[in-house]
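Open the structure in your viewer and keep the selection tool ready. This tour goes from charge to charge.

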Amino acid sequence: MLGRRDYCSPRNYQAPARDTLYRNNGDGTFTDVSAAAGLATAFGNGLGLVCGDFNHDYLPDIAVANDSMPNQLWINAGGLTFRDEASTRNCAMDQDGKAKAGMGIAAEDLDNDSDLDLMIVNLANESDSLYLNNGEYFLDVTISAGLGGASRTFTRFGLGILDFNCDGLLDIFQASGRVEEQTYLHADDPYAEPNLLFRGTPDGRFVEVSPRGGTAEMLIATSRAAAFGDIDNDGGIDVLVVNRDGPAHLLHNVCLDRGNWIMIRAIESHGRDAIGAVVTAIVDGRSITRIVRSAYSYCAANDPRVHFGLGDADHVDDVTIHWPEGGVESFGSQAASQHITLRRGDGTAISQPAEGR
């Protein structure tokens, strides 16, 4: 409506920026190496970011969700240089060739084929974007995964893909809050919306959980960041939702029918979290992969421990860790329903693959 104060569309500014990469100098200082790294070749309205090895070369890549512009997938070419391959790998836009208003972003192995899939959540009237990685490029499976309609009414920012009920299937949580005023919805906060929770099913689809957002009393606020972790170490992933102009919501996971689980903190020999490590658990003959990371969702840092829902399984047959600096170790069988810390050098070394090193 003309004459009404509201948030501006990023299209109004017409000033997309390049992504910025700071190299850690190891002495508490950083150097901007963006141009030398190749990031000046593409510009965007960057909002969400997640790192992971999307092409199996054992080097960390960077996926960026852009607002109203094509997304970027910076593939690590080695030597601290990157190439934007989002278009050639089919995750820059949706299956209709449309650039959406990307905000929250997450990457997990949704189909248990040992490579990272990608999800980006978008503005109201736009569906989610769920891309399955087939090794060479991504397939937009948003519609077939059941995510084409339920969420498109809302503007989604925070995003987490985790197994909230520990049944061995990943679920999806989305924190919502409009950027366009709608007084007919909630007069006291014209941007407020409920959050969304989707339960994963064995056929790869997602079904919205009722009550909406997964809470007995539906919470309606202008939500932005969502951070995920096990705050009370009971094996259930909890959620902290940050709201605009209001108190945060701490959502304690009290799901009564949770299955078994195991949560692993992978640390380097010096004692720091092994960010970027690939942790694989063998459960009843299935290989399940998780990445040690803290940054995903939207404006959030998350619990770096990796969480595996095990369903009825009372143990994992083996846990292996591919360390970010190279080298693979096996830590053997582990009992379910415990938090464990696995340190580099304490397991059995496995020969290191040659690719990417």
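Predicted model: local features only at pLDDT ≥ 70, side-chain atom pairs only at ≥ 80, totals over all residues.

Is E85 buried or exposed? E85 is buried, with a relative accessible area of 14%. The cut-off for buried is under 20%.

E85 and R83 form a salt bridge, with their closest N and O atoms 3.0 Å apart. R83 is partly exposed, at 45% relative accessibility.

Searching the whole structure gives 16 salt bridges. For another one, select D32 and R18. Their closest N and O atoms are 3.6 Å apart. This pair links distant parts of the chain: R18 lies in strand β1 (residues 17–18) and D32 in strand β3 (residues 30–32), 14 residues apart. D32 is partly exposed at 39%, and R18 is partly exposed at 32%.

Next, select D303 and R305. Their side chains meet in a salt bridge of 2.8 Å, N to O. D303 counts as buried, at 19% relative accessibility. R305 counts as partly exposed, at 21%.

Look for it in the loop between β19 (223–229) and β20 (238–243). D230 is in contact with several residues, including D303, R305 and H339. What is the nearest side chain of opposite charge to D230? It is R305, 4.9 Å away. D230 is buried but has no salt bridge. That follows because a salt bridge needs the nitrogen and oxygen within 4 Å.

Last stop: the surface. Select D284, D312, D314 and D317, which gather in a patch of negative charge. D284 sits in the loop between β23 (278–283) and β24 (286–291). D284 counts as exposed, at 61% relative accessibility.

Notes: Residues numbered from 1 in each chain as written. Heavy atoms only, no water. Patch = residues over 30% accessible without salt bridge, like charges linked within 9 Å, V, L, I, M, F, W, Y side chains within 5 Å. Areas by Shrake-Rupley, 256 points an atom, 1.4 Å probe, with all protein chains shown as cover. Lys, Arg positive; Asp, Glu negative; His and termini not counted. Charge placed at Lys NZ, Arg CZ, Asp CG, Glu CD. Helix = DSSP H or I, 4+ residues; strand = E, 2+ residues; numbered from the N terminus. Buried < 20%, exposed > 50% of the residue type's maximum accessible area, 1.4 Å probe, protein only. Contact = heavy atoms within 4.5 Å. Lists of a residue's contacts leave out its neighbours within four places in sequence.
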